[in-house]
Amino acid sequence: MYSIIRNLLFKIDAEKVHHLVMKNLTMLCSVSLFRQLFKSLFVVKNQALETTLWGITFPNPVGLAAGFDKDAKYIDALACLGFGFIEIGTVTPRAQPGNPKPRLFRLPADQALINRMGFNNNGAANAAENLKKRKQQIIIGGNIGKNKDTPNEDATSDYEKSFLELYRYVDYFVVNVSSPNTPGLRALQDKEPLTELLRRLQTLNRDNRAGKPILLKIAPDLTNEQLDDIVAIVKTTGIHGIVATNTTISREGLKTPADQVARLDPGGLSGKPLRTRSTEVIKYIHTKSGGKIPIIASGGIFTAVDAQEKLNAGASLVQVYTGFIYEGPAIASNICKGLLRS
């Protein structure tokens, strides 16, 4: 059934469809009858699915990755679809429109997306307000980044502002220095600026008695030597984990014709083509750290088999985004049921 609906939706601009679908889902889930119906269809409860990290018990290991609900507008609706956690963002301290449209494209032959959204969001204060108003209880991650017009030498200040604004309303943070769609952002993955940034956030974290887990989201395009630096930085700064991985700038092995892909560039590629590289990065970090760095897996996860592959490689939790677009609202439920059978 969803495949028929998807084929119809894919005839409309991807970003317009996103807002149309989420607006209608939000409207339906505001009605108790529909909310309970969706939960009965999509929420899988089983103690075997629970995972505890950083003192937080996740009801299941399948989360929704950052980028889908940038402003925390749709938490109550998405909470009805069985996700174990939702990561909002990427949030910047000031509102910004992002890159010019169109900026989100489907590659159906590859079960992939290319996006160059550019951290479009309404700012940290707006996201905090939306989180304050939510009615459904679900674990929330706050993915934070810098504004496009903020020079890299001042980037730490941007991350601090969003960190403090969201602190009361999220359960963990993800520092995004790996999006390819903000000019110069990936330079912050270099050892010196990244260490400085994470140390500063950890200082702010220690100033609050409770403290919140801080994770780092990394690119799949890093070399092994760069991954070695990442592992060392995590140990040095004492942050709590890694999200692996963000979108890729690689276009290797795509089935979509090269001239068509070229017309859609630039942007970050996500979906099935990222599956293998994401798993390689997870396995490398897990091995290099002796299994001491918790990892949230992201990249090419569509099925329980994909999720189990990431867990076997060393991840503790998984996130979906492109898989959600292609597989539909039952993706979390289907993955959870598949993991229980495996």
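Grid points are joined across faces, edges and corners, and a volume is the space filled by probe spheres set on the points. This is a predicted model, in which local features need pLDDT of at least 70 and side-chain atom pairs count only at pLDDT 80 or more, while totals for chains, interfaces and linings use all residues. Residues are numbered from 1 along each chain as its sequence is written, and side-chain values use heavy atoms, with hydrogens and water left out.

The largest pocket is lined by 26 residues, and those closest to its centre are Y2, L9, V21, G328 and P329. Two or more lining residues come from each of α1 (2–9), α2 (14–29), α3 (32–42), β5 (104–107) and α12 (322–327). These elements are DSSP runs numbered from the N terminus: helices are H or I with at least four residues, and strands are E with at least two. The greatest contribution to the lining of the largest pocket, seven residues, is that of α2. By class, this lining comprises 22 nonpolar, two polar and two charged residues; Ala, Val, Leu, Ile, Met, Phe, Trp, Tyr, Cys and Pro count as nonpolar, Asp, Glu, Lys and Arg as charged, and the others, Gly among them, as polar.

The second largest pocket has a volume of about 370 Å³. Its lining consists of 18 residues, with V43, K45, P59, F83 and Q137 closest to the centre. Seven of the residues in the lining of the second largest pocket are nonpolar, seven are polar and four are charged.

A cavity is a set of grid points where a 1.4 Å probe fits but cannot get out, and the whole structure holds one of 30 Å³ or more. The largest cavity contains about 440 Å³ of space. Of the 33 residues that line the largest cavity, A66, N115, N246, T247 and Y321 lie nearest its centre. At least two lining residues are supplied by each of β6 (112–115), β11 (268–271), β13 (317–320) and α12. The lining of the largest cavity divides into twelve nonpolar, 19 polar and two charged residues.

Two of these strands are paired, a term that requires at least two DSSP bridges. β6 and β11 run antiparallel and are joined by four bridges, with A112 partnered by G271 in β11. From β11, G268 and S270 point one way and L269 and G271 the other, and all are buried. Buried means under 20% relative accessible area, exposed over 50%, and partly exposed in between, for a 1.4 Å probe and protein chains only.

A parallel pairing is found between β8 and β9, over four bridges; there F173 has I214 in β9 as its bridge partner. Because five of the five residues of β9 (214–218) are buried, this strand is largely enclosed by the rest of the structure. I214, L216 and I218 point one way from β9, and L215 and K217 the other way.

N176 belongs to β8 (172–176) and is buried, at 3% relative accessibility. Among the residues that N176 touches, beyond four places in sequence, are T90, F119, N143, K217 and N246; contact means heavy atoms within 4.5 Å.

The structure has 13 aromatic pairs, defined by ring centres within 6.5 Å for Phe, Tyr and Trp (its six-membered ring), with planes under 30 degrees apart counted as stacked, over 60 as edge-to-face and the rest as tilted. The rings of W54 and Y172 form a tilted pair, with centres 6.2 Å apart and planes at 40 degrees. This pair links W54, in the loop between β1 (51–53) and β2 (56–58), to Y172, 118 residues apart. W54 is partly exposed, at 23% relative accessible area, whereas Y172 is buried, at 0%. The rings of F85 and Y172 have centres 6.4 Å apart and planes at 65 degrees, so this pair is edge-to-face. F85 lies in β4 (85–91) and Y172 in β8, so the pair ties together parts 87 residues apart in sequence. W54, F58, F85 and Y172 form one aromatic cluster.

Methods: 1 Å grid on protein atoms, 1.4 Å probe; cavity = no way out; pocket = protein on both sides within 12 Å on 5 of 7 lines; lining within 4 Å.
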